[in-house]
Amino acid sequence: ARRSNLESLLDHNSNNIKINHTLVKLLYANLNLGHQNPCNRDNCVWSLVCGRQVFLSLDRIGNILHTPTDGIALDELNIPIGERDEVSHRFLEDDMTELKSIGLRPTARIMHRALMHTVLPRTGSYELVYPNNYRALYAIWGEVQITWPKLLLDEFLSFNQGRMNIIYFR
């Protein structure tokens, strides 16, 4: 996780803070509404929370998360999903028949669960390994530098446009 720029997102000690869930809901509810648009709308989301303007650019999200903004986007990682190669062999069980959590090695299974609860949240079955989850595991075990803040920014934008699940099924 350290070499793939994901360590700070999964570090329990630095992320063990109390969160006011009402403020988070307000942030999401007011995302990119027509008031106080920033000059540069590219790679930026904005909101109004309790009368305060919040602007989150890609660089700011990276700074908040202590994660670099360089690297490639997760959906640009062109790999054959489910096929075995040198990298996927590190996280897939040898006798894997279908792409499910049970077919992951123990460390990968724990990482898969952590990703689903933090970086790539979703509802439904946690047993299935969706393409973005597979790409994330591949990036971690293959030490590919992914732009994790860009993934979160895209999630904010998808949420705002009512297309929350689109990033999980590409």
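The legends below describe close-up views of a predicted model.

Residues are numbered from 1 along each chain as its sequence is written. Local features need pLDDT of at least 70, side-chain atom pairs count only at pLDDT 80 or more, and totals for chains, interfaces and linings use all residues; side-chain values use heavy atoms, with hydrogens and water left out.

**View 1. The whole chain.** The protein chain holds seven helices and two strands. Helices (H or I, at least four residues) and strands (E, at least two) are DSSP runs, numbered from the N terminus. In order from the N terminus, the elements read α-α-α-β-β-α-α-α-α. The chain has 170 residues, of which 38% are buried. Buried means under 20% relative accessible area, exposed over 50%, and partly exposed in between (1.4 Å probe, protein chains only). The accessible surface is about 10000 Å², and 51% of it belongs to carbon and sulfur atoms. These areas come from the Shrake-Rupley method with a 1.4 Å probe; for residues, only the protein chains shown count as cover. Contact means heavy atoms within 4.5 Å. Among contacts between residues at least 6 apart in sequence, 59% join residues at least 24 apart.

View 2. Strand 1 (44-49) and strand 2 (52-57) pair in the antiparallel sense over six bridges. Two strands pair if DSSP finds at least two bridges between them. Ser-47 has Val-54 of strand 2 as its bridge partner. Two residues lie between the strands of this hairpin. Cys-50 sits in that loop. Its phi is positive, about 50°, although Cys-50 is not a glycine. Most residues other than glycine have a negative phi. Cys-50 is exposed, at 60% relative accessible area.

View 3. Leu-58, Ile-61 and Gly-62 are buried in helix 4. Seen down the helix axis, the buried residues fall within an arc of 100°, so they line one face of helix 4. The arc is that of the directions from the helix axis to the C-beta atoms. An α-helix has 3.6 residues a turn, so residues three or four places apart point the same way. The face turned away from the buried side carries the exposed residues Asp-59, Asn-63 and Ile-64. His-66 follows helix 4 and has a positive phi near 55°. His-66 lies in the loop between helix 4 (58-65) and helix 5 (106-117). At 64% relative accessibility, His-66 is exposed.

**View 4. Aromatic residues around Phe-91.** The structure holds four aromatic pairs. In the pair of Phe-91 and Tyr-138, the ring centres are 6.5 Å apart and the planes stand at 90°, so the pair is edge-to-face. Rings of Phe, Tyr and Trp (its six-membered ring) pair if their centres lie within 6.5 Å; planes under 30 degrees apart count as stacked, over 60 as edge-to-face and the rest as tilted. Phe-91 is in the loop between helix 4 and helix 5, and Tyr-138 is in helix 6 (residues 131-141), so the pair ties together parts 47 residues apart in sequence. Both Phe-91 and Tyr-138 are buried. Phe-91, Tyr-134, Tyr-138 and Trp-141 form one aromatic cluster.

View 5. The largest nonpolar core has 25 residues, and Phe-91, Tyr-134 and Trp-141 have the most contacts inside it. A nonpolar core is a set of buried Ala, Val, Leu, Ile, Met, Phe, Trp, Tyr and Cys residues joined through side-chain atoms within 4.5 Å. Helix 5, helix 6 and helix 7 (148-160) each supply at least two residues of this core. Helix 6 gives the most, with seven residues. A second, separate core has nine residues, including Leu-27, Leu-31, Ile-61 and Phe-156. Leaving aside neighbours within four places in sequence, Trp-141 is in contact with Val-87, Arg-90, Phe-91, Thr-107, Ala-108 and Met-111.

**View 6. His-112 in helix 5.** His-112 lies in helix 5. At 1% relative accessibility, His-112 is buried. Beyond neighbours within four places in sequence, its contacts include Ser-101, Leu-104, Arg-122 and Tyr-126. Leu-128, Val-129, Asn-133 and Leu-137 are also in contact with His-112.

View 7. Asn-43 lies in the loop between helix 3 (21-29) and strand 1. Asn-43 is partly exposed, at 38% relative accessibility. Not counting residues up to four places away in sequence, Asn-43 touches Leu-56, Ser-57, Leu-58, Lys-150 and Leu-153. Asn-43 and Asp-154 are 111 residues apart in sequence, yet 8.5 Å apart in space, C-alpha to C-alpha.
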